[in-house]
Amino acid sequence: KEVLRGSASFRVSPEDFRRAPSSAGFMTQSSGTRSQPLRSFLSLDRLALSAADHGLFLSAHDLFSRHHIVYDAILPANGGIRILLIHAKLGLRADRWFANRVPLSSQLETMFHRLVTDMIVLSAKCVGSGIPLPEFVEAGDVKGIVAAISERVQKGHECCVTTVASNGARIAQTAWELGADLRGTAFVLGSEPVTEHKRKTIERVGGRVIPTYGFADGGQVGRGCANPIYTDDVHVLRDRLAVLPNPARADLIAAGIQPLLFTTLYSSAPLFLLNVE
């Protein structure tokens with residue numbers, strides 16, 4: 001629609017709000033769970049910005065001294081490589097990186113993303129604390145992950161597992177069925193809602209739930225509170241985004257849903273959001 005401001009009118013398209021990359025980086029792609037997969041450029045400047053607040057987040061939850069395990073897919077999914085690069089920036093090296101294979105449209109595309117992933121991992125080994133190579137697991141088969149956590153717990157080490165919310169619950173459920181010990185393990189969960197059921201499933205095996213919230217073009221929106229009142233309690237990164245309730249959606253508010261409006265406040269954002277619901 002035309003934008004009208006008094007006697008002035010003009011048209012814009014979504015591409016008008018997309019910014020040229022400010023630094024080197026790589027392409028990622030959303031899962032497309034409820035819509036078409038969305039491609040996005042993840043710049044190193046944006047990762048460096050995320051590392052600053054992620055360090056505060058790790059400190060608030062006392063996670064720096066833990067053994068870290070990441071369970072997330074390789075490129076073009078951004079969750080795994082993003083968190084591992086941020087950890088490397090902070091001087092942390094994950095013990096293990098478990099990854100599902102991402103179904104893609106062609107073998108050539110699969111080979112390309114595997115090559116880029118391996119190049120990033122090898123580059124990280126040359127310049128810092130490094131990133132472990134991904135260990136591929138079949139979808140839903142988390143017994144090896146449970147064993148890796150349990151082994152460290154039995155040796156007296158505390159673990160931190162970063163993964164998708166449903167995978168965190170699956171790891172805990174499998175541990176419960178196997179009688180594995182996950183006491184004291186922190187689960188940093190994102191990509192999906194952290195529900196009461198998932199929290200209870202993880203706490204049943206002695207785990208602790210820490211939610212995060214973000215989306216591809218908006219980046220990280222909030223990180224889990226260290227003293228939460230609710231299961232999915234997060235602190236909004238107010239240097240990154242302005243977040244306001246949208247009072248115009250009375251139909252959704254009546255149904256118990258409060259839509260939010262996001263506006264971008266940082267220069268390395270790939271897309272400038274202006275009151276985007």
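**Notes on the predicted model**

1. Let's start in the sheet. Strand E8 (residues 159-164) runs parallel to strand E9 (residues 186-190), and the two share 5 bridges. One of the residues involved is Thr162, whose bridge partner in E9 is Val188. Keep in mind throughout that this is a predicted model.

2. Zooming out, E8 and E9 belong to an open sheet of 8 strands, ordered E7-E6-E5-E8-E9-E10-E11-E12, and the pairing is mixed. At the edges you'll find strand E7 (134-136) and strand E12 (234-236); each has a single partner strand, so one side of each has no neighbour in the sheet. From one strand to the next, the twist averages 25°.

3. Helix H5 (residues 165-178) is worth a look against that sheet. H5 lies across E5, E8 and E9, and it runs at about 130° to E8.

4. Now the cysteines in E8. Which cysteine sulfur is closest to that of Cys159? The sulfur of Cys160 is, at 8.6 Å, and that is too far for a bond, because a disulfide needs the two sulfur atoms within 2.5 Å. Searching the whole structure turns up 0 disulfides.

5. Helix H3 (residues 107-127) has 21 residues. From first C-alpha to last, H3 reaches 31 Å, close to the 30 Å expected at 1.5 Å a residue. Its buried residues are Glu109, His113, Val116, Thr117, Ile120, Val121 and Ala124. Looking down the axis of H3, these fall within an arc of 130°, so they line one face of the helix.

6. On the face turned away from the buried side, H3 carries the exposed residues Gln107, Leu108, Met111 and Cys126.

7. Finally, a loop residue. Ala77 sits between strand E5 (67-71) and helix H2 (79-89). Buried or exposed? Ala77 is buried, with a relative accessible area of 19%, and the cut-off for buried is under 20%. Its C-alpha is separated by 44 Å from that of Gly6, 71 residues apart along the chain.

Key:
Residues are numbered from 1 along each chain as its sequence is written. This is a predicted model: local features need pLDDT of at least 70, side-chain atom pairs count only at pLDDT 80 or more; totals for chains, interfaces and linings use all residues. Side-chain values use heavy atoms; hydrogens and water are left out. Helices (H or I, at least four residues) and strands (E, at least two) are DSSP runs, numbered from the N terminus. Buried means under 20% relative accessible area, exposed over 50%, partly exposed in between (1.4 Å probe, protein chains only). The expected span of a helix is 1.5 Å times one less than its number of residues. The arc is that of the directions from the helix axis to the C-beta atoms. Two strands pair if DSSP finds at least two bridges between them. Axes are lines fitted to C-alpha atoms, for helices over the stretch in contact, and angles run from 0 to 180 degrees between N-to-C directions. Contact means heavy atoms within 4.5 Å.
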